[in-house]
Amino acid sequence: MRICASLGSVGDVRSGELEKADVIEIRTDIFDTVPDGILRRGQTGLITFKGDIIPSMIPDGWLTDIGEADRSAAGGRSAGVMTSYHDFTGTPSVEEVLRILSSMNGDIVKGAFTVNSVSDIMTLFDASRLIGRKHVIIGMSELGRITRVRNETMGNEFAFSYVSRETAPGQMKVSEIRRLGDDCMVTGIVGCGIDYTRTPGMQNAAFAHSGINGISLRFDTASADRVGELMVNFNIRGMNVTKPYKTDIIDQLDTLDGISEDVGAVNTVVNDNGELTGHNTDVHGIDAALKMNSVHVNGMRALVLGSGGAARSCAYFLSENGCDVTVTGRNADTMRSISRDLAVTARERESVAVKSYDLIVNCIPLNKSSDRLDYPVRIDQIAREQVVFDMVYGDTHLNDVAAERGCKIVRGEEMLVHQGLRAFELFTGAKIPYEVMRDAV
């Protein structure tokens with residue numbers, strides 16, 4: 001992998017990060033001259049013009065990035081010309097990406113597009129396969145980082161990276177890109193509205209502990225379309241799946257393990273040489289979290305709040321382990337589906353007497369920053385003798401009420417870590433101590 005170090009400040013010229021790069025980019029909005037001796041042996045210089053193109057600024061043998069200007073403006077000193085295009089709002093169709101880049105006059109064409117969904121990433125991937133000329137095609141934003149990690153997959157001439165601070169959305173540090181290389185293991189988590197998720201931090205801590213060269217990325221996408229294609233084409237080894245895609249993802253998979261098939265929800269996908277298998281490690285996480293708090297559910301009456309993928313996993317586990325399970329939530333259709341598929345009771349919201357249950361489990365993503373604390377039951381009716389398990393991690397109103405009442409509390413962080421440990425084992429074969437991931441939450 002060839003790496004381009006983009007200098008974001010004058011002070012970057014003294015950084016040891018430059019030694020790890022193949023190309024050094026100097027931008028004229030930061031530098032008014034090219035620093036003497038900036039290149040090490042074997043490195044290439046790239047001067048990127050932001051504003052007027054001044055041929056006298058171009059050192060002999062350097063590449064120039066002239067944006068969309070006429071390449072003749074670079075004069076005769078440039079060793080090569082890159083023309084570039086940036087879209088800071090979105091990603092057009094494959095045909096439009098190709099039209100834009102094909103119309104540009106340069107030895108290398110660069111297109112950087114803001115990606116808002118996995119489908120946008122795959123649009124850029126498709127364009128990279130069809131363009132037929134030297135290029136750098138980048139997905140900007142955190143979601144687009146996979147196009148930087150898998151630089152070779154995109155067919156890019158080099159990967160742009162930063163020295164001290166990002167110079168474009170989603171850039172990664174020179175040393176991190178160099179460490180990862182072309183063949184690192186990539187895992188991730190896919191969902192919508194998941195800026196809160198701790199999964200990448202847990203998985204990256206596990207990579208560091210195990211000595212496996214890998215990275216976990218967050219795919220916060222407006223749609224689950226083409227997630228399976230993303231995993232196969234970018235060689236993503238494993239993907240955790242969270243709201244609201246735990247059921248939607250199933251149609252994109254080749255096989256399901258026994259538990260995920262029984263539950264009807266998947267939270268972990270493993271890629272074995274292009275074959276995608278769905279697993280459900282939520283069930284394992286629920287079991288382990290209850291056991292570590294000495295909660296034995298056999299014979300309990302349990303109330304599950306919610307009717308998404310997490311609620312399915314919870315209702316399945318509790319029913320399989322001797323609970324009388326009632327599900328209530330905000331979506332009547334998905335509640336009926338859980339009731340039908342898992343043979344548990346579904347009750348309309350606010351028609352449930354909370355005091356009638358031994359165990360209350362919340363699977364609705366509500367925390368203290370939520371706009372509305374839209375629980376489907378009166379949580380102020382919780383009593384001391386009940387067990388409260390909020391699968392939402394962090395500070396929650398439900399946990400506050402349970403603590404005030406003196407209830408036994410099972411925290412969502414415990415479930416999160418245990419399901420994450422199991423997922424990491426599926427991805428890598430490595431068993432990681434609980435404390436490694438728990439400390440990263």
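Ground rules first: I number residues from 1 along each chain as its sequence is written, and side-chain values use heavy atoms, with hydrogens and water left out. Since the model is predicted, local features need pLDDT of at least 70 and side-chain atom pairs pLDDT 80 or more, while totals for chains, interfaces and linings use all residues.

**Aromatic pairs.** I looked for Phe, Tyr and Trp rings (six-membered ring for Trp) with centres within 6.5 Å; planes under 30 degrees apart are stacked, over 60 edge-to-face, the rest tilted. I got five pairs. One of them is Tyr85 with Phe113: centres 5.8 Å apart, planes at 45 degrees, so tilted. Tyr85 is in strand S5 (residues 80–87) and Phe113 in strand S6 (residues 108–114); strands are DSSP E runs of at least two residues, helices H or I runs of at least four, numbered from the N terminus. Phe113 is buried at 0% relative accessible area (buried is under 20%, exposed over 50%, partly exposed in between, 1.4 Å probe, protein chains only).

I also checked Phe207 and Phe424, whose planes sit at 75 degrees with centres 5.2 Å apart, so that pair is edge-to-face.

**Charges over rings.** My test was Lys NZ or Arg CZ within 6 Å of the ring centre and within 35 degrees of the ring normal. Lys110 lies over Phe160 at 4.0 Å, and Arg301 over Tyr357 at 4.8 Å.

**Strand S11.** Five of its six residues (236–241) are buried, so S11 is largely enclosed by the rest of the structure.
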